[in-house]
Amino acid sequence: MATTLIAEIHKAQTRLPFLSRAERGALIMRILRELKTLRQEVLGNVPADRCVWIDKLIASVSSTISEIVNMQDAEFNRVLNEFEKLMATLHNISRPQKQSKTIH
């Protein structure tokens, strides 16, 4: 679930100077898996031509994992911030809107 991943991203950001390359890699792989899941579950019914952006993102992250993992702490932190925003947005899209109750 995206909320768990967002919590993991926050935790990683607080421990950033102490994260090993393996821990960074595992987090990026977790983000990538979540992106793929959200692509299927949230955007699965959206025409493919309207999902090119997320397909390109998934392909880009997949092909540059080692570069992302080896980024300097500040740059890696910025990447994590952007993934956090994206996960939150996709999570909000995936949740059905609750009907507000009106008092008559």
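I looked up the surface first: the protein exposes about 7,000 Å², and carbon and sulfur atoms supply 55% of that area; accessible areas here come from the Shrake-Rupley method with a 1.4 Å probe, and for residues only the protein chains shown count as cover. I note that this is a predicted model, in which local features need pLDDT of at least 70 and side-chain atom pairs count only at pLDDT 80 or more, while totals for chains, interfaces and linings use all residues. Residues are numbered from 1 along each chain as its sequence is written, and side-chain values use heavy atoms, with hydrogens and water left out.

Next I looked up the elements, and found five helices and zero strands, running α-α-α-α-α from the N terminus on. Helices (H or I, at least four residues) and strands (E, at least two) are DSSP runs, numbered from the N terminus.

I then checked the span of α5, which has 22 residues and, at 1.5 Å a residue, should span 32 Å; its end C-alpha atoms are 31 Å apart, which agrees. The expected span is 1.5 Å times one less than the number of residues in the helix.

How much of the protein is buried? I found that buried residues make up 37% of the 104 residues, where buried means under 20% relative accessible area, exposed over 50%, and partly exposed in between, with a 1.4 Å probe and protein chains only. In α5 the buried residues include Phe-76, Val-79, Glu-84 and His-91.

Of its 29 residues, Ile-28, Ile-31, Leu-35, Leu-80 and Phe-83 touch the most other members. The helices α1, α2, α3, α4 (65–69) and α5 each supply at least two residues of this core, and its largest share, seven residues, comes from α5.

I followed Ile-31 through its contacts (heavy atoms within 4.5 Å): not counting residues up to four places away in sequence, Ile-31 touches Leu-5, Ile-9, Leu-80, Phe-83 and Met-87. Among contacts between residues at least 6 apart in sequence, 71% join residues at least 24 apart.

How many salt bridges does a search of the whole structure find? It finds six, a salt bridge being a side-chain nitrogen of Lys or Arg within 4 Å of a carboxyl oxygen of Asp or Glu.

One of them pairs Arg-30 with Glu-8, the closest N and O atoms being 3.4 Å apart. Arg-30 lies in helix α2 (residues 21–41) and Glu-8 in helix α1 (residues 2–14), so the pair ties together parts that are 22 residues apart in sequence. Arg-30 counts as buried at 18% relative accessibility, whereas Glu-8, at 30%, counts as partly exposed. I also found Glu-8, Arg-30 and Glu-34 linked in a network of salt bridges.

For Asp-73 and Arg-24, the closest N and O atoms are 2.2 Å apart. Arg-24 is buried, with a relative accessible area of 1%, while Asp-73, at 32% relative accessibility, counts as partly exposed.

Technical notes:
A nonpolar core is a set of buried Ala, Val, Leu, Ile, Met, Phe, Trp, Tyr and Cys residues joined through side-chain atoms within 4.5 Å.
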